[in-house]
Amino acid sequence: MEDYKVLFLTNNDNSMDLFDWLKERVRVKIFKEKLTLDMIKEWKPNLIISYNYSYIISINIIDYMEGAIFNLHISYLAWNRGASPNFWSFIDGTPKGVTIHQVDRGLDTGKILDQKQCYFDESKETFISTYTYLHEQIKELFKANWKKIKNGTYVLTEQETEGSYHNIKQLEMVRKECPFDWSDNISEYTEKYRKYIKSKS
């Protein structure tokens, strides 16, 4: 195996099959804690992949890696940056999909390497079923682009719209004011949510 090193950042078990896929191709190290620049300098990765990683990567690491950090995000950026993108895409009625983007100093604002728009029949889907599907799609998109990523032959494009952003506190507020479960039917819950919003106006 060639001496090409990937640092794989994740905090979620649903990322592990992609980690296993990478292990068959390059030297890859999984990391689940808060990353520091000293750790980067010690291991000297050629590439960092962030996928379901809970921590914000510090600016000094971003600068040190000179663009060689990519994030796998289950939204159609620039829509639904930040937390729980799949949930908010249905609540806000914004485009759904998956995106591989370069990590920059903003939050999910980096240039796009590739993305795919996805479509759902909301009357037949739940939040968890669409979440699972989007994760399958982002893994396939990564695999399809792997050679370009590894060889540095990709082309990056700017995010075209201002899009949208949501944080964890916003989700917590919705769960408190208009409770939901991830297994809820999407059409039924979004109707419930609209009635709640209307009642508050």
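1. Helices and strands are counted here as DSSP runs numbered from the N terminus, a helix having at least four residues and a strand at least two. On that basis Asp184 sits in the loop that joins helix 6 (168–177) to helix 7 (186–200), and it should be kept in mind that the model is a predicted one.

2. As for the surroundings of Asp184, this residue is in contact with Glu125, Thr126, Phe127 and Tyr189, once residues up to four places away in sequence are set aside. Asp184 is classed as partly exposed because its relative accessibility is 25%, and the partly exposed class lies between under 20% for buried and over 50% for exposed. Lys139 stands 45 residues from Asp184 along the chain, and 25 Å separates the C-alpha atoms of the two.

3. Turning to the chain as a whole, its secondary structure consists of seven helices and eight strands. The radius of gyration is 18 Å, which agrees with the value near 17 Å that a compact globule of 201 residues would have, while the C-alpha atoms occupy a box of roughly 60 × 30 × 30 Å along the principal axes.

4. Of the 201 residues, 46% count as buried, and among contacts with a separation of 6 or more, 62% are made by residues 24 or more positions apart.

5. The accessible surface of the chain amounts to about 10900 Å², with carbon and sulfur atoms contributing 49% of that area. The chain carries 28 positive and 29 negative side chains, and a distance of 2 Å lies between the centres of these two sets.

Methods:
Residues are numbered from 1 along each chain as its sequence is written. This is a predicted model: local features need pLDDT of at least 70, side-chain atom pairs count only at pLDDT 80 or more; totals for chains, interfaces and linings use all residues. Side-chain values use heavy atoms; hydrogens and water are left out. The radius of gyration is taken over C-alpha atoms; the globule rule is 2.2 Å times the number of residues to the power 0.38. Buried means under 20% relative accessible area, exposed over 50%, partly exposed in between (1.4 Å probe, protein chains only). Contact means heavy atoms within 4.5 Å. Accessible areas come from the Shrake-Rupley method with a 1.4 Å probe; for residues, only the protein chains shown count as cover. Lys and Arg count as positive and Asp and Glu as negative; His and the chain ends are not counted. The place of a charge is taken as NZ of Lys, CZ of Arg, CG of Asp or CD of Glu.
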